[in-house]
Amino acid sequence: MFDPTKKIGILGGGQLGKMLCLAAAPWDFKMCVLDAAPDFPAGPFCAEFTSGDFNNYDDVLAFGKDKDVLTIEIEHVNTEALHKLEQDGKTIHPTPSVLDIIKDKGLQKEFYQKHAIPTTDFRLFKDEIALVKAIEKNEITLPLVQKTRTAGYDGRGVAVLRTEADLQTKLLKGPCLAEALAPIQTELAVIAARNASDEVRVFPAVEMDVHPEANLVEFLLCPARVAPLAAAQAEALAERVIRAFDICGLLAVELFLTTTGELLVNEVAPRPHNSGHHTIDSADTSQFEQHLRAICNLPLGTTEQNVPAVMVNLLGEPGHKGPVQYDGVAECLAMSGVHVHLYGKALTSPFRKMGHVTVTAPTLEEAVATAKKVKETLKVVSST
Ligand SMILES: Nc1ncnc2c1ncn2[C@@H]1O[C@H](COP(=O)(O)OP(=O)(O)OP(=O)(O)O)[C@@H](O)[C@H]1O
Ligand SMILES: [Mg+2]
């Protein structure tokens with residue numbers, strides 16, 4: 001039932017939380033946010049802000065008590081408290097059990113294996129020493145991709161190990177997995193949504209161009225420049241994955257389309273995702289509105305895209321750290337089809353996600369050309 005008096009709690013008050021609050025405003029939903037400080041991105045846009053630590057059992061438990069629906073904008077939250085709240089009858093999407101699987105890349109990979117979801121071959125290790133031993137014994141061979149099981153994000157926690165020398169310089173510490181290095185032709189992402197009535201809708205596949213140095217997505221294109229069949233298969237696979245997890249809400253599925261035309265699931269995120277930001281400006285339903293519809297068991301919105309779009313992440317310039325200043329915004333606003341989204345973070349640092357720009361244009365080629373201009377023009381620097 002549509003009920004704007006419901007209190008929706010979000011664990012995390014970063015940019016995803018901010019954009020969820022903005023999407024909730026037209027429906028008068030009461031968005032409540034838990035994060036460290038009210039000057040975080042979502043702070044000024046929520047009905048209620050609670051200062052606390054979403055990784056702390058007591059803080060999450062206290063926050064959840066008077067909320068009707070709880071959701072997250074980051075997977076790395078205290079799920080023990082969420083399990084307790086769930087036992088007490090709270091509605092939590094995604095569920096704490098799903099979060100427990102997804103926030104551990106090892107358990108995630110085992111889940112794919114169990115459900116026959118295509119993914120790269122992998123092996124789990126108790127730490128990096130055990131991994132090196134397995135390489136020395138020829139049980140596994142280079143090249144491979146090492147990933148820490150928990151707490152990795154934005155490319156941190158991922159090391160591509162190609163040579164013996166890399167084992168000296170790039171090896172990551174702690175419990176990890178080793179994955180086969182996929183021969184990637186194109187990286188894709190598909191955002192699926194499901195509600196408690198078991199309705200599922202999937203946004204069109206997007207192409208993610210990864211910045212080689214920062215290991216962050218640099219450009220995101222929709223529609224993806226792949227064969228229509230590959231896009232359709234990726235979308236069907238995302239539907240299969242959200243059903244396997246039994247999630248209410250969004251599930252962003254990151255995929256590799258390999259040089260041999262195979263589709264492999266890389267990882268998933270049970271929340272709004274960077275690859276869906278363009279939907280705010282290019283689709284009838286934004287991913288944020290879709291997430292709210294899904295977690296409140298409202299009918300899901302149409303996922304058709306109205307116009308080709310390219311999204312550029314606005315990352316802090318290397319060499320700049322401190323109070324933020326945005327250079328070149330006005331010049332970009334003078335270009336047609338440019339939609340600027342700043343996250344309201346007070347401090348910049350190298351490669352920090354400070355905002356994004358979505359460029360819409362009659363053709364994808366035009367959108368790409370303008371997006372490149374935006375990237376050259378708009379710089380996130382430090383004012384001191
Ligand atoms: N098995 C693999 N084979 C080839 N490349 C890989 C593999 N796994 C990861 N990568 C590359 O590393 C990038 C980051 O990996 P992954 O998405 O697992 O990490 P992450 O830190 O969780 O990323 P993010 O938070 O940016 O989504 C991928 O987008 C891909 O470019
Ligand atoms: Mg990723």
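**Helix packing and sheets in a predicted model**

Helices H1 and H10 are roughly perpendicular to each other, because angles of 65 to 115 degrees are classed that way and their axes cross at roughly 75 degrees. The model is a predicted one. H1 spans residues 15-24 and H10 spans residues 287-295. Their axes come within 8 Å. On the H1 side, the contact is made by Met19, Leu20, Ala23 and Ala24. On the H10 side, Phe288, Glu289, His291 and Leu292 take part.

The chain is divided into four stretches: domain 1 (7-92), domain 2 (121-180), domain 3 (183-304) and domain 4 (307-384). The centres of domain 2 and domain 4, taken over C-alpha atoms, are separated by 34 Å.

One open sheet has 5 strands. Their order is E3-E2-E1-E4-E5, and the pairing is parallel. E3 (48-51) and E5 stand at the edges. Each has a single partner strand, so one side of each is left without a neighbour in the sheet. Strand E1 (residues 7-11) runs parallel to E4, and 4 bridges join the two. Leu11 has Ile72 of E4 as its bridge partner. Helix H2 lies across E1, E2 (30-35), E3 and E4. H2 runs at about 165 degrees to E1.

Helix H3 covers residues 79-87. Its buried residues are Thr79, Ala81, Leu82 and Leu85. Seen down the axis of H3, these residues fall within an arc of 150 degrees, so they line one face of the helix. An α-helix has 3.6 residues a turn, so residues three or four places apart point the same way. After H3 comes Gly89, with a positive phi near 100 degrees.

Another open sheet has 3 strands in the order E19-E17-E21. Here the pairing is antiparallel. E19 (347-348) and E21 (379-382) stand at the edges. Each of these edge strands has a single partner, so one side of each is left without a neighbour in the sheet. Strand E17 (residues 322-327) is joined to E21 by 4 bridges, and the two run antiparallel. Tyr326 stands opposite Val380 in E21.

Definitions and conventions. Residues numbered from 1 in each chain as written. Chains lettered and ligands numbered in written order. Predicted model: local features only at pLDDT ≥ 70, side-chain atom pairs only at ≥ 80, totals over all residues. Buried ≥ 20, exposed ≤ 12 C-beta atoms within 10 Å, placed from the backbone. Arc of directions from axis to C-beta. Pairing = 2+ DSSP bridges. Contact = placed C-beta atoms within 7 Å. Axes fitted to C-alpha atoms, helices over the stretch in contact; angles between N-to-C directions. Domains from an automatic or database assignment. Parallel < 35°, antiparallel > 145°, perpendicular 65-115°, else oblique.
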